[in-house]
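Here are some notes for reading alongside the sequence and the structure. Please look up each residue as you come to it.

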Amino acid sequence: MTKTEFLNQFHHLRLPRLEPDFPLTKTGRPAAVLIPLIDYGTSLNVLLTERAHHLRHHPGQISFPGGAVEESDNTLYDAAMREADEEIGLPPSHVDIVGVLPRYRTVSGYEIAPVVGFVNPSFELTLDPNEVESAFEVPLAHVLNRKNHLIHKTHLNKRSFPIYFIPWQERMIWGATAAILRNLSHHIHP
């Protein structure tokens, strides 16, 4: 899938653009992630990170650059871009924001705003070893293909919840990251 093909689908669905005053909400703990789509002209890749192994929460899990909103963040866009810069050294000047997916609520109470942006491939990764073990790319076509989505049902407090998995080479993308990618696939290929 190319940038043009993606934009034709993405804008066709009339997903909200991320405006400077994109509001924070009080319903959950606000967080934002960047879905960085590396634009190679003829194809798009998703840049993902592997969380540092020494972290207390979700060590080694595959994730998007992002995290909780801080007091210094005026918008969810600010939070996503600040976190991407801190975690992988991605400067906002290399990102063209195209929109945001509907917020995703985790079982732990975070309300995540997935910000979608095209990334100029000329930037150089600078990983923060306190937060990121490694970074890697996956073809967007792979994560959008629902044949690659695995679902496992789990139970918590007498309720059933799906946990999504997307295998890629020797890695397993799962949890909120896989669920957000699955949501993206439903918006691109309803």
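1. Two residues are in contact here when heavy atoms of theirs lie within 4.5 Å. By that rule, and leaving out residues up to four places away in sequence, Ser134 touches Leu48, Thr49, Glu50, Leu127 and Arg171. Ser134 is found in strand E8. Keep in mind throughout that the model is predicted.

2. Is Ser134 buried or exposed? Its relative accessible area is 16%. Buried means under 20%, so Ser134 counts as buried.

3. Helix H2 runs over residues 76–88, which makes 13 residues. From its first C-alpha to its last it reaches 18 Å, close to the 18 Å expected at 1.5 Å a residue.

4. Now look at the two ends of H2. At its start, a side-chain oxygen of Thr75 comes to within 3.3 Å of the backbone nitrogen of Tyr77. Just after the helix, Gly89 has a positive phi of about 70°.

5. Which residues of H2 are buried? They are Leu76, Ala79, Ala80, Met81, Arg82, Glu83, Ala84, Glu87 and Ile88. These buried residues pack against several strands, among them E1 (29–39), E2 (44–51) and E7 (110–119). Strand E8 (132–139), where Ser134 is found, is also one of the strands they pack against.

6. Side chains of opposite charge can pair when their charged atoms come close. How many salt bridges does the structure hold? There are seven salt bridges. One of them joins Arg82 to Asp73, with the closest N and O atoms 2.8 Å apart; Arg82 and Asp73 are buried. Arg82 also meets Glu83 in a salt bridge, at 3.1 Å from N to O, and Glu83 is buried as well.

7. Another salt bridge is formed by the side chains of Glu170 and Arg171, at 3.7 Å from N to O. Glu170 is exposed, because its relative accessible area is 64% and the cut-off for exposed is over 50%. Arg171, at 21%, is partly exposed. Apart from this pair, salt bridges that share partners join Glu70, Asp73, Arg82, Glu83 and Glu86 into one network.

8. The last point concerns the surface. Leu150, Met172 and Trp174 form a nonpolar patch there, with about 260 Å² of accessible area together. Trp174 belongs to strand E11, residues 171–174. Its relative accessibility is 34%, so Trp174 counts as partly exposed.

How values were computed: Residues are numbered from 1 along each chain as its sequence is written. This is a predicted model: local features need pLDDT of at least 70, side-chain atom pairs count only at pLDDT 80 or more; totals for chains, interfaces and linings use all residues. Side-chain values use heavy atoms; hydrogens and water are left out. Helices (H or I, at least four residues) and strands (E, at least two) are DSSP runs, numbered from the N terminus. The expected span of a helix is 1.5 Å times one less than its number of residues. Buried means under 20% relative accessible area, exposed over 50%, partly exposed in between (1.4 Å probe, protein chains only). A polar contact is a pair of N or O atoms within 3.5 Å; within protein, one must be able to donate a hydrogen and the other to accept it, and residues adjacent in sequence count only if both atoms are side-chain atoms. Patches are made of residues with over 30% relative accessible area and no salt bridge: like charges are joined within 9 Å, nonpolar side chains (Val, Leu, Ile, Met, Phe, Trp, Tyr) within 5 Å. Accessible areas come from the Shrake-Rupley method with a 1.4 Å probe; for residues, only the protein chains shown count as cover. A salt bridge is a side-chain nitrogen of Lys or Arg within 4 Å of a carboxyl oxygen of Asp or Glu.
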